[in-house]
Amino acid sequence: MGFFSRIKAGLKKTGAVLNTDIRDLFKSEGRLIDEEFLEEVRGILFRTDMGYDSTEALVEEIGKKLRGRVVQLEEVVDVLKAKLKELMHQPASPIEYAASGPTVVMVCGVNGAGKTTSIAKLASQFRSEGKSVVLGAGDTFRAAAVQQLTIWADRLGASIVTAPSGTHPATVGYQTVEKALADKIDVAIIDTAGRLQTQSDLMAELTKIRAALAKALPGSPHEVLLVLDATTGQNGVSQASKFADAAGCTGIVLAKLDGTAKGGVVVSIRQQLGLPVKYVGLGESHEDLAPFNPDEFVDALFSDVLAATA
Amino acid sequence: MFDALQENLGAAFKTLRGQGKLTEGNMRDGLKLVEKALLEADVSYEVVRTFMKRVGEQALGEKVLGSLRPNEQVIGIVYQELVNLMGPVDHSLHLKGKGDVTVLMMCGLQGSGKTTTCGKLGKMLKANGRRPLLVAADLQRPAAIDQLHVLGEQLDIPVFSDRTTQDPVKVTANAVERAKKLEADVVILDTAGRLHIDSELMDQLKRIDQRCHPDQIYLVVDGMTGQDAVNSAKAFNEALELDGVIMTKLDGDARGGAAISVKEVTGVPLKFMGTGEHLENLEPFHPERMAGRILGQGDMMSLVEKAQQEFDQDEAKRLEEQLAKGEFTLDDFLKQMQQIKRLGPMKKVLGMIPGMGSMLGDLDELDAEGDLRRLQGIIHSMTLNERRKPKTIDQSRRRRIAAGAGVEPSAVNDLVKQFDTIAPIMTAMAGKGMGDRMKMMKQVQSEMAGNPAGMLSKKKQSTGKRLSTKDKAQALKERQKRLKQLKKQKKK
């Protein structure tokens, strides 16, 4: 399955909701764009969780460009798409591999966002690229988190560094990088315990883990990924902002995008913080991870509309 | 947020003050702000629309438009409607007698916090003299069984699991059988997280339901969920006929608007909320608190409840009597602060105070405990007489106290000023009902708003906030009434 069809399959439900709704608005030849129409568009956009400001900006755009006109579906879709692409525009951002030596990736996020599963997916991705991977079981807090990661490491043929429950996660991180250096492993992925962004002591711990990694290998971590649950609402902005502050996040893994949630909060995040989405999680299997591409993301949302009317 | 909302509403209405009446157009601007607040709190768009229609009708009524403080009235209406939306509550787990086995089933999306909630419920049940049995029916996620076993060990609660099968229906059925042998009276089923659109896994839930006939089925919802809460809650309710909802992860800064959405689409009561990672952090759900939280109003009720648990009851009673007599000294102030300190980390306590929620960001740098220690030092450096009558503190006394406490003389001044602000409020508060106290807290809050560090110097107030002669007379009357009651009690 190619990237485009995969992301499309994952977003099918998402797209279906958005597209059906839009199509409903254009039952026949075209519709007059008036206040009532804009309110309907507003509702559709709000349901994507993209947030108040982003939604209002888009609705205003449509209103400005098309108000009072009777339009075809494609026109409105084009306006929405153009505006969304503009909002989500970002440089192509794959994982930045270290020029030499191991690439260190630190993964953080709130409880239950899907960190461990995302790490498994990342490891699987790196493995399929022929890279060797070591996992650092840095979640020494939650019951059985280390076991969960160990099971994944076994399944994916990655090595793993573990420590007894209660060990400081910075120690685990340091040892993982040490092992990566000693065994000449290409990628080291460091897991961290889930934490709410308001727990300042735990957020400070992230800073410490980061420092420990840098101590083991100057210049690392090369990537710090925030795993964000796609069902998250506007709190995602607070998560992104505080995790970025504490851990210096370089990007987002948008997990659980295979449900009906749209993950639109990344639009707000992108707009307010400039933090790009790097990957999207589209299922429970370790292969269900795709690099994020904003243009294709937006196109996939609307492609059904155009296919239906073409 | 509540402050911002209140402020914005105030600004929207203020422009019209002096010009006579408020217009409908102005009110609509104000309501738009309410709508924004709700949408930013992740309340479902549909719910917000119908909600705003209802609030709009009331707010545009003549009573509000003609009133002196329309912004407060509007907030009041919004708050009340929110409470109505999320109520009524039902905190009972509907347990059968101890000789019988009650089966509770947890379900929800991945990562919503089911397993942790199972542990918390188990702990709560055990504390209430029940014999719970945790059942590991999550055969999907690697190590989920281990996680439950670790929780069981921590809590000293038996855990049933079967690693030989991949069929959760079988596991749960066996578990219910086993419960009788283990003499457990509550079985808690921890099912795997699943997407509501995964028909295969949803069917599996239905099969567990048909096979085990759980007495109560609870949906566990992540308090940070956005607009999608409506879709998932609806699907789970259609598949299983839920009996209640448990919201989790509400100890963060999520405003939890999903609570409203879920209640609206399922109609089932919100039972509990998870407020921390530790196993005792499970609290009954209160619509009033949630309404305040969604509006960013803080969790005054939780604080009051916690205070009642932690405060020294005798001391509190003595203080109450003092207050009723209209006496509130620096000594009392100190004792109160010490009691507040007992509530836990200052930051958590402050976060529960209305108006403080939005300022918690600033509080990160705030050394609340240090401030408290300094204030204590100052008060300890005073003579008993000075503590009773701070007005006697003149320049030379101030210098002496400051030297004794190792602070600048201005700090002593600040404290006395602070005390001046609080004392009359504390006295007025004594003998009032909860509602009045809340109102008074709001006043304190508005006074504190410009002064987040809590160093509330007495500010010049607008005349609107002052007690009228009538109010003063009323307060005096109530104080005397209270005093009489206290005397009566003493005689008995």
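In this predicted model, strands β1 (residues 102-108) and β4 (residues 186-191) of chain B run parallel and are joined by 5 bridges. Within this pairing, B:M105 sits opposite B:L189 of β4(B). Both strands belong to an open sheet of 8 strands, whose order in chain B is β3-β2-β4-β1-β5-β6-β7-β8 and whose pairing is mixed. At the edges of the sheet are β3 (159-160) and β8 (282-284) of chain B, each of which pairs on one side only.

Further along the sheet, strand β5 (residues 216-222) of chain B pairs with β6(B) in the parallel sense, again through bridges, 5 of them. B:V221 has B:M247 as its bridge partner in β6(B). Strand β6 (residues 244-248) of chain B is largely enclosed by the rest of the structure, because 5 of its 5 residues are buried. The cover extends to both faces of the strand: B:G244, B:I246 and B:T248 are buried on one side, and B:V245 and B:M247 are buried on the other.

Taken as a whole, chain B contains 23 helices and 8 strands. Of its 492 residues, 53% count as buried. Among contacts in chain B with a separation of 6 or more, 74% are between residues 24 or more positions apart.

Attention can now turn to the nonpolar interior. In soluble globular proteins, nonpolar side chains tend to be buried together. Here, the largest nonpolar core holds 92 residues, and the members that touch the most others are B:L82 and B:M86. This core takes at least three residues from each of two domains of chain B, namely domain 1 (2-86) and domain 2 (102-291). Residues up to four places away in sequence aside, B:L82 touches B:L38, B:F51, B:I260, B:A291, B:I294 and B:L295. Another core lies apart from this one; it has 90 residues, including A:L58, A:L66, A:V133 and A:V187.

One of the partners of B:L82, B:L38, is also among the buried residues of helix α2(B). Helix α2 (residues 24-40) of chain B has 17 residues and spans 24 Å between its first and last C-alpha, close to the 24 Å expected at 1.5 Å a residue. Along with B:L38, the buried residues of this helix are B:N26, B:M27, B:G30, B:L31, B:V34, B:E35, B:A37 and B:L39. Just after the helix, B:D42 adopts a positive phi of about 75°.

Two further helix residues of chain B can be followed through their contacts. B:T115 belongs to helix α6 (residues 114-127) of chain B. Its relative accessibility is 7%, so B:T115 counts as buried. Neighbours within four places in sequence aside, B:T115 contacts B:R141, B:Q147, B:L148, B:L151 and B:D190. B:L330 lies in helix α15 (residues 330-342) of chain B and is buried, with a relative accessible area of 0%. Its contacts, once neighbours within four places in sequence are left aside, are B:I379, B:M382, B:E386, B:R387, B:P390, B:L415 and B:F419. The C-alpha atom of B:L330 is also 9.8 Å from that of B:D420, a residue 90 places away along the chain.

Strand β3 (residues 103-109) of chain A pairs with β6(A) in the parallel sense over 4 bridges, and A:V105 stands opposite A:I189. Strand β4 (residues 133-136) of chain A also runs parallel to β6(A), to which 4 bridges join it.

Because 9 of its 12 residues are buried, α3(A) is largely enclosed by the rest of the structure. The buried residues are A:F37, A:L38, A:E39, A:V41, A:R42, A:G43, A:I44, A:L45 and A:F46.

Definitions and conventions
Residues are numbered from 1 along each chain as its sequence is written. Chains are lettered from A and ligands numbered from 1 in the order in which they are written. This is a predicted model: local features need pLDDT of at least 70, side-chain atom pairs count only at pLDDT 80 or more; totals for chains, interfaces and linings use all residues. Side-chain values use heavy atoms; hydrogens and water are left out. A nonpolar core is a set of buried Ala, Val, Leu, Ile, Met, Phe, Trp, Tyr and Cys residues joined through side-chain atoms within 4.5 Å. Buried means under 20% relative accessible area, exposed over 50%, partly exposed in between (1.4 Å probe, protein chains only). Domain bounds come from an automatic or database domain assignment. Contact means heavy atoms within 4.5 Å. Two strands pair if DSSP finds at least two bridges between them. Helices (H or I, at least four residues) and strands (E, at least two) are DSSP runs, numbered from the N terminus. The expected span of a helix is 1.5 Å times one less than its number of residues.
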